[in-house]
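Keep the viewer open as you read.

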Amino acid sequence: MPVIRRPVSWAETETLTDELVGKINAMNREYDVLLGIARGGMYVALMLSQVLDHGMTLTCHLKRYPRGATASEAMPEIIAFPSAELLSEKRILLIDEVWEKGHSIIRARQEAERFEPKFVDTAVLHFKPGHNVYGQAQPTYCAEVTEDWIDYPWEQFAQRHAQLA
């Protein structure tokens with residue numbers, strides 16, 4: 001099956017984020033911490049924090065691939081993560097732009113759970129169940145289910161910049 005590469009605009013990203021907001025509000029769950037996975041999850045986390053008027057938005061950084069590679073079966077390495085005092089006994093919403101294989105969000109969830117939060121929910125713009133390697137695991141919230149390769153606007157920006165260099 002050929003890979004469909006689909007560019008997503010900022011306007012589409014806003015619409016997808018609105019979908020997440022609706023689903024989060026419908027669940028009527030409160031969160032103490034919004035935790036965005038760098039890099040793509042940071043954009044989504046910041047957009048959610050603005051719309052949900054949420055003050056505690058943090059980031060975590062994982063190293064997923066060797067430089068220049070685009071895929072890896074290895075579990076990501078934690079590079080930076082918020083401290084225990086910021087996560088212990090907290091209600092956490094862990095955010096990324098996409099759950100493809102699931103390595104990044106599962107690894108970040110494992111790290112967050114080391115600090116004994118009340119719970120960790122997950123939110124993504126796109127979920128790719130056909131690529132997911134974690135069985136029945138899936139995000140708590142997702143805006144769209146797809147198998148397409150998504151080119152997010154921040155990636156498109158970087159690609160244009162690289163072409164100018």
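A residue counts as exposed here when its relative accessible area is over 50%, as buried when that area is under 20%, and as partly exposed in between. Asn28, with a relative accessible area of 66%, is therefore exposed. Bear in mind that you're looking at a predicted model.

Now go to the sheet. It's an open one of 6 strands, in the order E4-E3-E2-E5-E6-E7, and the pairing is mixed. Its edges are strand E4 (77-80) and strand E7 (141-145), each of which pairs on one side only. From one strand to the next, the twist averages 30 degrees.

Let's settle on strand E2, residues 33-38. How many of its residues are buried? The count is 6 of the 6, so E2 is largely enclosed by the rest of the structure. In a regular strand, side chains alternate between the two faces of the sheet. You can follow both faces of E2 here: Val33, Leu35 and Ile37 are buried on one side, and Leu34, Gly36 and Ala38 are buried on the other.

What does E2 pair with? One partner is strand E5 (residues 91-99), in the parallel sense and over 4 bridges; look for Leu34 standing opposite Leu93 in E5. Another partner is strand E3 (residues 57-63), again in the parallel sense, this time over 5 bridges. Within E3, Thr59 is the bridge partner of Gly36. To get from E2 to E3 the chain goes through helix H2 (residues 40-51), giving a β-α-β crossover that is right-handed.

Step across to E5 and you'll find 8 bridges joining it to strand E6 (residues 119-127), with the two strands running parallel. Ile92 has Val120 in E6 as its bridge partner. Further along, His126 also sits in E6. Is His126 buried or exposed? With a relative accessible area of 0%, His126 is buried. Setting aside neighbours within four places in sequence, the residues in contact with His126 include Arg6, Val8 and Leu16, then Glu97, Val98 and Trp99, and also Glu144 and Tyr152.

Ala158 and Gly36 are 122 residues apart in sequence, and their C-alpha atoms are 20 Å apart in space. At 42% relative accessibility, Ala158 is partly exposed.

On to the aromatics. A pair of aromatic rings is described by the distance of the centres and the angle of the planes. The model has 7 aromatic pairs. One of them is Tyr31 with Phe119, which is edge-to-face, with 5.9 Å centre to centre and 75 degrees between the planes. Tyr31 lies in the loop between helix H1 (10-27) and E2, while Phe119 is in strand E6, so this pair ties together parts that are 88 residues apart in sequence. Tyr31 is buried at a relative accessible area of 9%, whereas Phe119, at 22%, is partly exposed.

How do the rings of Tyr152 and Trp154 sit relative to each other? Their centres are 5.0 Å apart and their planes are at 5 degrees, so they are stacked. Tyr152 is buried, at 2% relative accessibility, and Trp154 is buried too, with a relative accessible area of 9%. Together with Trp10 and Tyr43, Tyr152 and Trp154 form one aromatic cluster.

Arg29 is over the face of Phe119, at 3.8 Å from the ring centre, and Arg114 is over the face of Phe115, at 5.1 Å from the ring centre.

Finally, the backbone. Most residues other than glycine have a negative phi, and most peptide bonds are trans. What kind of peptide bond joins Ala38 and Arg39? The bond is cis, with omega about 10 degrees, and Arg39 is in the loop between E2 and H2. Then there's Asn28, where phi is positive, near 55 degrees. Asn28 is in the loop between H1 and E2. Glu89 also has a positive phi, near 65 degrees; look for Glu89 in the loop between helix H3 (84-87) and E5. At 49% relative accessibility, Glu89 counts as partly exposed.

Methods. Residues numbered from 1 in each chain as written. Predicted model: local features only at pLDDT ≥ 70, side-chain atom pairs only at ≥ 80, totals over all residues. Heavy atoms only, no water. Buried < 20%, exposed > 50% of the residue type's maximum accessible area, 1.4 Å probe, protein only. Pairing = 2+ DSSP bridges. Right-handed = clockwise from strand over helix to strand, strands pointing away. Axes fitted to C-alpha atoms, helices over the stretch in contact; angles between N-to-C directions. Contact = heavy atoms within 4.5 Å. Phe/Tyr/Trp six-rings, centres within 6.5 Å; stacked < 30°, edge-to-face > 60°. Lys NZ or Arg CZ within 6 Å of the ring centre and 35° of its normal.
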